[in-house]
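Let's take a friendly walk through this chain together. Have the sequence and the 3D view open as you read.

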Amino acid sequence: MREPVFEMLWDCRYCGEKKLLGLTHRHCARCGAAQDPAARYFPAETEKVAALDHRYVGADSVCRYCGAAAARQAHHCGRCGAALADSAAAPLHALSVASPSPTPPRPTWRLLLPISLLVAVAITVVIGLVWKTEQGFVVAAHHWQRAISVERLGPVRQSAWCSELPAAARDVTRRPEQRSRERVPDGEECRLEKQDQGDGTFKEVRTCSPRFKEQPVYEDKCDFAVEKWHAERQAKAEGDGRHPAPYWPSVAHSSPNEREGARRELYTVVFRDAAGETYRCELPERAWTAFAPGAAYRGKVRAVGGSLDCASLPPR
Ligand SMILES: [Zn+2]
Ligand SMILES: [Zn+2]
C-alpha cells in the first residue's frame with residue numbers, strides 16, 4: 001500500500017510570504033525568490049495539501065553555488081544554471097515532538113522543613129531514652145509464672161497450592177485463587193508518523209507496536225487436613241512471693257497422642273517509690289530471687305514515659 005503524500009510548506013524569507021507549497025512552489029509565488037529547502041516545515045493537520053500522483057525520485061539536489069533546490073532528476077540549477085552533479089541532498093526535517101517537560105526541582109526549603117522536624121523528633125526520642133532521674137524504691141511484691149505447652153498429634157487444617165500438596169493430605173477441597181499476574185498481548189498501538197522526503201513533500205507512515213495488559217493468573221488452592229503435632233493447651237503454674245519457690249506445672253497425659261512442648265517462664269518484681277507509684281521489672285530467675293521483700297534500692301526513671309530502668313537497680 002502506498003502511503004499518502006502531502007506538500008511540505010515553506011516561508012519566503014525575502015518578501016515574507018507564508019505557507020508556500022514545497023512541491024508546487026519551487027519559487028515564491030509573490031516575489032519569485034527560489035525556495036530554500038532549509039526553510040521547509042510540516043503543515044498543521046488542517047493545512048495539509050495532498051501531492052496527487054506525485055512520483056518520488058529522491059530528495060532535491062541543493063545547488064552548491066546559489067543554494068537553490070532542484071528536483072533530483074534535474075541536471076542543472078534552475079536559478080543559476082550550474083551543473084548539479086555531486087551536489088548535496090536537501091536537508092530532511094524531523095517532526096518536532098514535544099518532549100515531556102522535566103519535573104521542576106523541588107525548592108530546597110520545602111525538603112528542609114520535614115528533615116529538620118525528623119531530626120528534632122529523633123533528638124527528643126534519644127534524650128528521652130537517655131535522660132533519667134534517680135530516686136529510691138522498695139521491693140513491694142514478687143510474682144512468677146511458668147507454663148508448659150501441651151501438644152497433640154492430630155489433624156490440622158492447612159492450605160497450599162494444589163500442585164504442592166503434601167502426600168499425607170486428606171479431606172482435600174479445592175478453590176481457585178489468584179497466584180500471580182502476567183503480561184498478555186492486547187492488540188496494538190498505532191500512530192501516523194510524518195516523514196520528510198526531501199523533495200518538498202512528506203508521507204504519512206502508520207507505525208504500530210504491540211500493546212500489552214496485565215491480567216491475573218488463577219490456580220487451584222487446596223484446603224486439607226494433615227496429622228501433625230500442634231499446640232493444644234497450656235499447663236500453667238503461678239504464684240506471688242518467693243516462697244514456695246517457683247515450680248513447673250505437672251502435665252497429665254491423657255493419651256499417647258500428647259507430649260510436652262515449649263516451656264515459658266516469667267519473673268516479675270514490683271517496686272514502689274516514695275509517692276506510692278509502682279513499677280514492674282521482668283528479671284531472670286536468679287536476679288528475681290535476690291531482691292528481698294521490703295528492701296530499699298536506688299534506681300533511675302526515664303524522663304519520657306516514666307518507666308523504671310530495671311538494669312539501674314543494684315542492691316544498695
Ligand atoms: Zn517572496
Ligand atoms: Zn544555482
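Among contacts in the chain between residues at least 6 apart in sequence, what percentage join residues at least 24 apart? The figure is 66%. Keep in mind that this is a predicted model.

**Overall form**

Start with the whole chain. Its C-alpha trace spans about 125 × 60 × 35 Å along the principal axes. The radius of gyration is 45 Å, whereas a compact globule of 316 residues would have one near 20 Å. Buried residues account for 15% of the 316 residues. As for secondary structure, the chain holds two helices and 14 strands.

**Two domains**

The chain is divided into domain 1, covering 1-97, and domain 2, covering 141-312. Taken over C-alpha atoms, the centres of domain 1 and domain 2 are separated by 75 Å. The two domains do touch: 23 residues from domain 1 and eleven residues from domain 2 take part in the contact. On the side of domain 1 that touches domain 2, strand β1 (residues 5-7) gives the most, with three residues. The residues on that side of domain 1 divide into 14 nonpolar, four polar and five charged.

**Helix α1**

Next, look at helix α1, which runs over residues 108-130 and has 23 residues. From its first C-alpha to its last, α1 reaches 33 Å, close to the 33 Å expected at 1.5 Å a residue. Is this helix buried or in the open? Of the 23 residues of α1, the number buried is zero, so the helix lies largely in the open.

Turn now to the strands. Three of them form an open sheet in the order β3-β2-β4, with antiparallel pairing. β3 (20-21) and β4 (40-41) stand at the edges with a single partner strand each, so one side of each is left without a neighbour in the sheet. Strand β2 (residues 9-10) pairs with β4 over two bridges in the antiparallel sense. Here you can find Leu9 opposite Tyr41 in β4.

**Strand β8 and its partners**

Strand β8 takes in residues 132-161, and its pairings with β10, β11 and β13 are listed below.

| Partner of β8 | Residues of partner | Bridges | Sense |
|---|---|---|---|
| β13 | residues 296-302 | seven bridges | antiparallel |
| β11 | residues 258-273 | 14 bridges | antiparallel |
| β10 | residues 201-240 | 19 bridges | antiparallel |

Glu134 stands opposite Lys300 in β13, Val139 is opposite Phe271 in β11, and Glu151 faces Ala231 in β10. As you trace such strands, remember that in a regular strand the side chains alternate between the two faces of the sheet.

**A closer look at Arg280**

Finally, pick out Arg280, which has its place in strand β12 (residues 278-283). Is Arg280 buried, exposed or partly exposed? A residue needs 20 or more other C-beta atoms within 10 Å to be buried, and 12 or fewer to be exposed. Arg280 has 14 C-beta neighbours inside 10 Å, so Arg280 counts as partly exposed.

Which residues does Arg280 touch, not counting those up to four places away in sequence? They are Thr268 and Val270. Glu182, by contrast, is 98 residues from Arg280 in sequence and 55 Å from Arg280 in space, C-alpha to C-alpha.

Key. Residues are numbered from 1 along each chain as its sequence is written. Chains are lettered from A and ligands numbered from 1 in the order in which they are written. This is a predicted model: local features need pLDDT of at least 70, side-chain atom pairs count only at pLDDT 80 or more; totals for chains, interfaces and linings use all residues. Helices (H or I, at least four residues) and strands (E, at least two) are DSSP runs, numbered from the N terminus. The expected span of a helix is 1.5 Å times one less than its number of residues. Two strands pair if DSSP finds at least two bridges between them. Domain bounds come from an automatic or database domain assignment. Two residues are in contact if their C-beta atoms, placed from the backbone, lie within 7 Å. Ala, Val, Leu, Ile, Met, Phe, Trp, Tyr, Cys and Pro count as nonpolar, Asp, Glu, Lys and Arg as charged, and the others, Gly among them, as polar. The radius of gyration is taken over C-alpha atoms; the globule rule is 2.2 Å times the number of residues to the power 0.38.
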